[in-house]
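Morning, everyone. Let me put the model on the screen, and then I'll walk you through a pocket and a sheet.

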Amino acid sequence: MERALLPRLCRRAVRLYRAGLRFRSSRGAEQGAPRGRDPPASLPGSRTGQELWRAQQDLARASKGKQRNAPSLERTKGSEILFGVAPVWLALAQARRALFRLFLKEQRGGGPGRPVRAELGLQAAARGVPVLHVPGRALDVLCRGRPHQGVCLEASPLPFRSLRDAEEPQPGHGESGRRQRLWLVLEHIQDPMNLGALLRAAYFLGVDRVVATHSNSCPLTPIVSKASAGAMEVFDVYSTDDLQGFLKAKSAEGWEVVGTVSRSENVEDVPVISCSEFCWDKPLIVVIGSEGEGLSLETQLQCQRMLAIPPGRALHPGIDSLNVSVAAGILLHSICSQRRRHGD
């Protein structure tokens, strides 16, 4: 009996299908509507096809409305996009930049980062900065896929400061000059992650000034700010076009200029000592070289001494040195610990 019913059911389905096609064709001809916009025919008692068609039309209309109401993500001319909670928070707090728009990830319900983003929104609104809530993918596009933590800030770039301004006394340090001064000079640091890590270490350990060579060096980009955990937003970075002339002038003023090397070998008749043997007894400039080449010969000749970090074991060739930011952190900590012992 089942075999007898099967052909009859098939023929019935074919007739219904053909009737649906004729219905769509005649309806489209009468109303002048495109055939593709009519709801598909379905079996009697089933509304699945028509409901699916209507849902698709509603979704299309909703997406068009969202596109019309979506915030413009076109950048302000000359601006850049800061990303990450710490850089954005400090950029808003310090207001050293021109601030254009704050982008926050839209989120339904609670979430681990929502209170922080809400606080950032309030801080931006208090400064008159427009706050836009956008999908996470829009933030990915703004910061080119980098880790933004649901926060991006459109702002003007932060330039290097002129070296002429570096001689001004810092607030809170007084005019007596009793505090031992320490400057960090960077020659041709090109990796933004390294530059950010260097700024973070210098800020944390109490370096008074950071000076970078202007040419062949990484600029102060949002990646640098992120790598510095926002230290770049509160810590001035100066630049010079004449590093050797600058070092020579500071030596004439009574400053000690020390360079850094990876091995304890004399460099062009400049003595090399371990950083643990160095005694800090006058204003000091520590010069750090580039990631691959180290200090140039011209800069080495401006140094009174060179500092090296002794390794803790016999090293294999190829892994006989440290990352530049790690080495700088060790050297600066060794030096700055003397400041604390002397009560400065």
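**Pocket and sheet**

Start with the lining of the largest pocket: 16 nonpolar, eleven polar and five charged residues. Here Ala, Val, Leu, Ile, Met, Phe, Trp, Tyr, Cys and Pro count as nonpolar, Asp, Glu, Lys and Arg as charged, the others, Gly among them, as polar.

Ground rules. This is a predicted model: local features need pLDDT of at least 70, side-chain atom pairs pLDDT 80 or more, while totals for chains, interfaces and linings use all residues. Numbering runs from 1 along each chain as its sequence is written, and side-chain values use heavy atoms, leaving out hydrogens and water.

A pocket is an open set of points on a 1 Å grid over the protein atoms alone, where a 1.4 Å probe fits, with protein on both sides within 12 Å along at least five of seven lines; lining residues have an atom within 4 Å of a point. This one is lined by 32 residues, with Val261, Ser262, Arg263, Ser321 and Leu322 nearest its centre. α10 (324-341) and β12 (305-308) each supply at least two lining residues. The largest share, four residues, is from α10. Helices (H or I, at least four residues) and strands (E, at least two) are DSSP runs, numbered from the N terminus.

Now the sheet. It is open, four strands, order β1-β4-β2-β3, mixed pairing. Pairing takes at least two DSSP bridges between two strands. β1 (80-83) and β3 (131-134) are at the edges with a single partner strand each, so one side of each has no neighbour in the sheet. β2 (residues 99-105) pairs with β3 in the parallel sense, over four bridges. There, lysine 105 sits opposite valine 134 of β3.
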